[in-house]
Amino acid sequence: MNVTTRFQPFVSQLKDDRSNKSFIFLSTSWITLPDLSAQGCRALQFVSPREGKALVNHVIKNVSVGSSDVCEIECYLDNRCLSYNYGDQGNVRHKCELSDSDHKQHPNDLQERLGYIYRGTENECSSNPCSLNGKCVIDVADNKYRCHCHPVEWKKISDAPVCFGARDNKYGVFTIKENGLIDTFKLVHASGSGVRCNYYTLASYWGCENRQDGRDILLTVITFSNNSALPIASYSKEVGIIGGLCSYYTYKINGTTSDSKELIFEGLHSPLWVTIGQEFRIWHGQDLTGCSEINNSGQTCADITVPDISVQGCRVLQFASPKVGKALVNHVIKNISVGSPDVCEFECYLDNRCLSYNYGDQGNVRHKCELSDSDHKQHPRDLQQRLGFSYRGTENDCSSNPCPENKKCIIDVSDNEHRCQCFQGFSGEHCEPVRTGGWRKINDDPVCFSTLDDRYGAFTIKEDGFIDTFKLVHRRGRGIKCNRNFPAAYWGCFNRNNEPDILTTVITFSNNTALPIANYSETISNTGALCRYYTYRISGVDVNSKELIFEGLHSPLWVKIGEEFRIWHGHDLVDCDEENNSGHTCADAYAWYF
């Protein structure tokens with residue numbers, strides 16, 4: 001196979017999400033790459049770090065990372081991110097807070113925070129080009145700013161005030177009255193003196209007034225009917241100490257206190273399609289998780305309103321009826337674990353590439369959600385039988401196959417119309433093949449890894465440069481076993497639960513953080529142990545393939561001479577289900593250099 005076709009997902013992401021010049025960041029502030037794609041690359045120029053500082057009120061995502069470099073990568077991968085806070089906690093994992101604004105737009109929100117560093121970017125929103133009723137966002141299609149209007153029209157969806165308490169699952173329920181797209185919710189206090197988290201403190205509508213939680217700390221959470229929280233606030237988890245160690249959601253919204261008349265939540269990243277009769281719930285945060293609720297009392301009653309938003313410039317998806325027992329193969333771009341099909345559908349909305357999804361009910365709390373960038377109308381032969389799954393496509397402009405065979409159809413979310421672009425590895429008006437790099441062997445002797453007791457294999461980089469991914473080529477060793485009664489395999493496990501295309505070989509940095517070169521899922525132990533380990537699939541590869549070629553990185557990675565990487569069996573990486581493992585695999589390691 002032509003090697004350029006092995007990395008189509010990576011080059012596609014560059015063309016879809018970034019602009020004319022290609023830039024990444026790792027250890028330096030501004031690194032220029034070869035012009036891998038003529039258009040569609042995101043550009044970020046990071047400014048110097050500010051120690052002892054953090055930007056508040058604009059955090060859109062909290063992640064745990066191994067280093068500040070990885071936090072910077074996370075910011076680059078999230079198209080909304082314009083700055084980040086990094087907190088070195090003195091252990092292996094550290095806090096990384098991504099924000100959709102910066103210190104130039106909101107100088108008053110850059111505050112002192114011990115143990116943190118803040119790093120902003122040079123971007124077109126820094127000059128505050130939008131009016132007071134507009135939010136500035138960067139469009140990754142051309143790296144230019146757009147002004148998104150804040151909603152000004154609200155409509156009430158509750159007939160009577162919805163009341164919720166603070167303990168014993170006393171949530172409030174409301175249902176949707178008409179189909180449509182919503183951007184967020186607003187709660188307006190109607191009655192009730194509020195809730196208390198302690199008998200000796202004052203009641204408040206949306207939080208707790210005590211020495212642990214300030215007046216700007218909010219605890220009111222809106223969830224789906226399965227009690228999964230809607231992502232309409234920048235949630236943090238507060239540790240509770242009353243009645244045992246536990247945690248509950250808290251957050252801040254600029255200008256809102258626990259006694260404000262109105263609680264307007266943050267806007268969703270993409271509008272959410274809701275249907276008549278769909279149920280949502282209002283919880284006090286401690287009641288939602290059953291944490292520190294023993295001394296709680298009182299209730300708040302509120303009217304529920306939603307904004308009237310225009311669909312112009314918003315993503316619109318109309319889902320078709322589910323096809324039970326079916327799944328679309330060969331087009332999965334993202335694997336995630338979710339609590340319900342509603343959340344899987346919501347995840348499809350949030351990923352602008354998604355045109356269909358597969359949902360697999362595994363009979364436990366978490367289920368499989370596979371997002372695809374195509375559908376059954378474009379690829380009818382790829383809609384196949386899969387027990388326990390359901391497939392759901394969408395009505396979209398690409399369904400009629402409007403593009404020639406050598407071009408891929410994508411939906412432009414700015415106008416919800418299709419565009420035809422060359423497949424990855426091809427360019428020009430007639431989509432002619434281009435070559436952008438090649439494989440280079442890294443190790444001198446085969447790198448061997450086992451399956452338990454931290455027996456990873458290590459290799460070090462021999463030359464500086466940008467790489468896209470790694471490839472492992474089996475050299476010797478019968479492979480690994482996850483059960484003595486089943487045959488060995490090079491890259492995964494043969495057992496009664498794992499299919500032969502489920503892979504468990506993971507490449508990590510030297511700090512054991514996995515490189516994002518596969519669509520990892522977290523698989524729950526099947527031996528009764530409370531642990532999870534990484535599994536994934538790569539099209540055309542099984543556990544005994546001669547070569548294991550990983551997927552391309554979302555952006556090229558700068559590596560330097562002497563930098564160490566490690567090869568792990570997934571069980572051994574997290575010490576999960578490894579007690580019955582045996583055997584080893586020895587492989588040559590290759591990197592794709594640009």
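1. Confidence by element. In this predicted model, the mean pLDDT of the protein chain's elements is lowest in helix 1 (residues 8–17), at 29, and highest in strand 12 (residues 162–164), at 97. Residues 1–40 have a pLDDT below 50, yet the model gives this stretch 129 contacts beyond near neighbours in sequence. Where pLDDT is low, the predicted coordinates should not be read in detail. For the protein chain, the average pLDDT is 79, and 79% of the residues score at least 70.

2. Have a look at the open sheet whose strands come in the order 35-42-37, with antiparallel pairing. Its edges are strand 35 (457–460) and strand 37 (505–509), each of which pairs on one side only. From one strand to the next, the twist averages 25 degrees.

3. Inside that sheet. Strand 37 and strand 42 (residues 564–569) run antiparallel and are joined by five bridges.

4. A loop asparagine. N296 sits in the loop between helix 3 (285–289) and strand 22 (297–307). Is N296 buried or exposed? N296 counts as buried because its relative accessible area is 2%, against a cut-off of under 20%.

5. Around N296. Leaving aside residues up to four places away in sequence, N296 touches A166, R167, R196, C197, H284 and Q286. With Q286 there is also a polar contact between the side chains, at 2.8 Å.

Conventions
Residues numbered from 1 in each chain as written. Predicted model: local features only at pLDDT ≥ 70, side-chain atom pairs only at ≥ 80, totals over all residues. Heavy atoms only, no water. pLDDT = per-residue confidence, 0-100. Helix = DSSP H or I, 4+ residues; strand = E, 2+ residues; numbered from the N terminus. Contact = heavy atoms within 4.5 Å. Pairing = 2+ DSSP bridges. Axes fitted to C-alpha atoms, helices over the stretch in contact; angles between N-to-C directions. Buried < 20%, exposed > 50% of the residue type's maximum accessible area, 1.4 Å probe, protein only. Polar contact = N/O pair within 3.5 Å; in protein donor to acceptor, adjacent residues only side chain to side chain.
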